[in-house]
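This report describes the pockets of a protein model and the surroundings of its ligand. Please keep the sequence and the structure at hand while reading.

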Amino acid sequence: MVVSLVVTAFWAMLPAYVPNNAAVLAGGGRPIDGGRMLGDRRLLGDGKTWRGTAAGTLAGTLLAVALNALVPSASAVTGFDLPTFPLTAAFGLALGAMLGDIGASFLKRRSGRERGAAFPGLDQLDFVVGALVLAFVAAPGWFSVTFTLPVLAVVLVMTPILHVVTNVGAYLLGLKNEPW
Ligand code: CTP
Ligand code: K
Ligand code: MG
């Protein structure tokens, strides 16, 4: 029961987990804010680029398409009723994850945090909130069937843990400048 919930929650969130990591690998180039300032600080900063955002959104969406192809065999092997992703849901999860992260950068700059600074709590959940909200807007029917209250609860507990583990890992591998 609990295992089934955790596996379902993880599967349903994979298209939202991959974008930020893909953006780290693919990022660079023109910043989204074009260097613009708001007051004496950058609007978003150099850490939010068009290329990273596009690559992250594409990676999350394509992963969902790949997962759809695996659903029959993965469900058969695990015995769990794993969700498939309509394209609207896939795109909503992936783009939402990127927008949540961008929103967090906006808040970090407004609160005086420089690029790369940690914002505990926000760092671990910004992309989850963005992904869930945009998936709900893009595919409300799918969302309500997939993200039941127990699944949502697991997502909110599991994601910060996974986020810490993957970011420390990426830092140790030299892929990220900070371990958060
Ligand atoms: N990245 C990107 N575009 C995005 C998100 C991330 O290009 N939309 C890339 C950038 O190279 C960024 C790196 O991934 O530096 C790490 O992402 P993140 O930790 O989210 O950005 P920070 O550099 O820490 O910037 P901020 O303080 O604004 O979060
Ligand atoms: K971030
Ligand atoms: Mg960072």
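How do the residues of the lining of the second largest pocket divide into nonpolar, polar and charged? The model discussed here is predicted, and the answer is five nonpolar, four polar and one charged.

## The second largest pocket

The volume of the second largest pocket is about 190 Å³. Its lining consists of M1, S4, L5, T8, D81, P83, V145, T146, T148 and V151.

Two helices, α1 and α5 (140-146), each contribute at least two residues to the lining of the second largest pocket. The largest share, three residues, belongs to α1.

## The largest pocket

The largest pocket has a volume of about 940 Å³. Its lining comprises 38 residues, and those nearest the pocket centre are N20, V24, K48, D101 and K176. Sorted by class, this lining holds 13 nonpolar, 15 polar and 10 charged residues.

Several helices take part in the lining of the largest pocket: α1, α2, α3, α4 (122-138) and α6 (149-172) each provide at least two residues. Here the largest share, seven residues, is supplied by α1. The largest pocket is also the site in which ligand 1 sits.

## The shell around ligand 1

Ligand 1 is surrounded by 18 residues, of which K48, T49, S105, R115 and G116 are the closest. The shell is made up of three nonpolar, eight polar and seven charged residues.

At least two shell residues come from each of α1 (2-26), α2 (50-78) and α3 (87-110). With four residues, α3 accounts for the largest share of the shell around ligand 1.

In the side chain of K176, an N or O atom is 3.3 Å from an oxygen atom of ligand 1.

How much of the surface of ligand 1 does the protein bury? Taken alone, ligand 1 exposes 570 Å², and 89% of that is buried by the protein.

## Residues named in both descriptions

K48 is among the residues closest to ligand 1, and K48 also lies among those nearest the centre of the largest pocket. K176 is likewise one of the residues nearest that centre, and the side chain of K176 has an N or O atom 3.3 Å from an oxygen atom of ligand 1.

Notes. Residues numbered from 1 in each chain as written. Chains lettered and ligands numbered in written order. Predicted model: local features only at pLDDT ≥ 70, side-chain atom pairs only at ≥ 80, totals over all residues. Heavy atoms only, no water. Near = heavy atom within 4 Å. Polar contact = N/O pair within 3.5 Å; in protein donor to acceptor, adjacent residues only side chain to side chain. Areas by Shrake-Rupley, 256 points an atom, 1.4 Å probe, with all protein chains shown as cover. 1 Å grid on protein atoms, 1.4 Å probe; cavity = no way out; pocket = protein on both sides within 12 Å on 5 of 7 lines; lining within 4 Å. Sits in = over half its atoms within 2 Å of the grid points. Nonpolar A, V, L, I, M, F, W, Y, C, P; charged D, E, K, R; others polar. Points joined across faces, edges and corners; volume = space filled by probe spheres on them.
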